[in-house]
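Here are a few notes from my pass through the model. Have it open while you read.

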Amino acid sequence: MMKKALIAFGVAIAATTLPVWAEQLVLLHTNDTHSQIDSTDDGLGGIQRRKVVIDSIRAEHPNVLLIDAGDAVQGTLFFTIYGGEVEMKMMNALGYDYAILGNHDFDNGVEPLAANLALSDAQWLTTNYDLTGSSLEKYFRPYAIRQVGDRKIGIIALNLNPKGMISEGNYDGVKYLDAIKAANATAWHLKHNEKVDAVVAVTHVGYDEVPPSDKMIAEASEDIDVILGGHSHTVIRPGSGDEFVKNALGRDVLIAQNGKSGLLMTEVILDLDSIGAKTPAYKQIAIDGRLDSRVDHSLDTILDPYRAGVVELMGQKIGRTATALSNEEAPLLNFLTDFILNDAEPLTGVKADLAIMNKGSIRRSLPKGDITRGQIIMMQPFNNRIVVEEISGADLAAAFDVMATRGGDGVSEGVDIVFDPATKKCTSITINGKPIDPSRTYRVATIDYLANGGDYMEPLTRGKQIARSKRIIHADLTDYIKGFKNKKINPLAKVRMRPE
């Protein structure tokens, strides 16, 4: 395929001309695959199976774009050990055309991210990150135009505000631009100046979470036709009613998202002869064992050199659980929060009043029976450390309100919190048998990501950090679990922070 330059906003944009007889364009979309190279513990997903689907659709349709909506990294040992190299090589092998950044692409900082991008064959896009002067700048364009016969499709990319979501220092050189303003201005330019027939927005902002969400972008738009989203791990089922949102002109905008871990793929078919008059066809394709008979194992040549490190860590048994512990349920959250409380005590010589843990940092469940060092690293994969801070009761209460906005997080034994699910405000806070005192100073154990304002925990930044672990949290947690010796881990199931 031949490429020609289009100049817009002073930036050269790639345009590829596809066969003139095409009447359809197929958009294949993944999001938040999170390094799930192999199948999950439940036997779902896997990069080899995904390739079967992609190859099959490409064989059936002459015009296919493969697009990723961010967070292709962070979630398994392939990323922990190899830092994103494996994921980039896999995306190249599958032939991704376009990709955008997720927040976890920044987990190791800007320079390691730039090194990953140097390995990628995909065109990376961002419409609302100003990367001028950064080491990332050369890998990105603000939009792309793809020509299919006599039709043109514009593609824009919208990213979340890094402040409060990405660790400070990990996104240096990235300037955030208002996503809705950038989306509307660029989509208008594409429709009215570049004369594209449709605009596809690839996003990593979440379906209906912290503004600006996909729903908000759709509602504020006039020129966007399709949103291929990510970040919130939402499964938007075709036919659910959630997939269509009215825009500012009362027209339906299709929003697609596939949950996480590569268990699903989106297939959107744009009928190029009826764009704007007919809603795109939308379906999701399950990535599961039914595809195994068609796997050609061509990716093994790339993957095999990386497997040894993964296998080694997964084989190191460190403890046992009495029952399966889900990362979406209270027992595992309680166990980890109590671990932070207990492990923080040697840092100061005095036990903290309480500990706080966010659910979002728990990236996988634990099985019943043997647990391994590899599983613990995947459960707590981030470069977080335990910290202790002193903070006023008033600021601590404000932090609990932030936790309530996402349905509650983890608090240690002895803490009981009730919140109003309508107002997302706490109505009762008890710490070690006493109501919280706004004027008192509390000693809180947590992780540095939260203490520094991550996950929108800005109130915790008002405290004073007095101690910090020298080791990454999964190393401390591994030793903590080894301390159970022959005793099985069996945490209490009480929900300590709950709605009224």
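1. Start with strand S28 (residues 497-499): S23 runs parallel to it, and three bridges join the two. In that pairing, Val418 sits opposite Arg498 of S28. Bear in mind throughout that this is a predicted model.

2. On its pairing with strand S24 (residues 425-431), S23 goes antiparallel, over six bridges. Val415 has Ile431 of S24 opposite. The two strands make a hairpin with four residues between them, and Lys424 in the turn has a positive phi of about 60 degrees.

3. How much of S23 (residues 415-420) is buried? Six of its six residues are, so the strand is largely enclosed by the rest of the structure. Val415, Ile417 and Phe419 point one way, while Asp416, Val418 and Asp420 point the other, and all are buried. As background, side chains in a regular strand alternate between the two faces of the sheet.

4. Now the open sheet. Seven strands are ordered S8-S6-S5-S4-S3-S16-S17, with mixed pairing. Strand S8 (140-141) and strand S17 (281-286) are the edges, each pairing on one side only. Within the sheet, S5 (residues 98-99) and S6 (residues 123-125) pair in the parallel sense over two bridges, with Tyr98 partnered by Gln123 of S6.

5. Last, the helices. The axes of H1 (residues 47-60) and H3 (residues 85-94) come within 10 Å and cross at roughly 25 degrees, so the two are roughly parallel to each other. The crossing is right-handed. H1 contributes Ile47, Arg50, Lys51, Ile54 and Arg58 to the contact, and H3 contributes Met90, Ala93 and Leu94. Those contact residues split into five nonpolar, no polar and three charged.

Notes. Residues numbered from 1 in each chain as written. Predicted model: local features only at pLDDT ≥ 70, side-chain atom pairs only at ≥ 80, totals over all residues. Heavy atoms only, no water. Axes fitted to C-alpha atoms, helices over the stretch in contact; angles between N-to-C directions. Parallel < 35°, antiparallel > 145°, perpendicular 65-115°, else oblique. Left-handed = near helix turned anticlockwise from the far one by under 90°. Contact = heavy atoms within 4.5 Å. Nonpolar A, V, L, I, M, F, W, Y, C, P; charged D, E, K, R; others polar. Pairing = 2+ DSSP bridges. Buried < 20%, exposed > 50% of the residue type's maximum accessible area, 1.4 Å probe, protein only.
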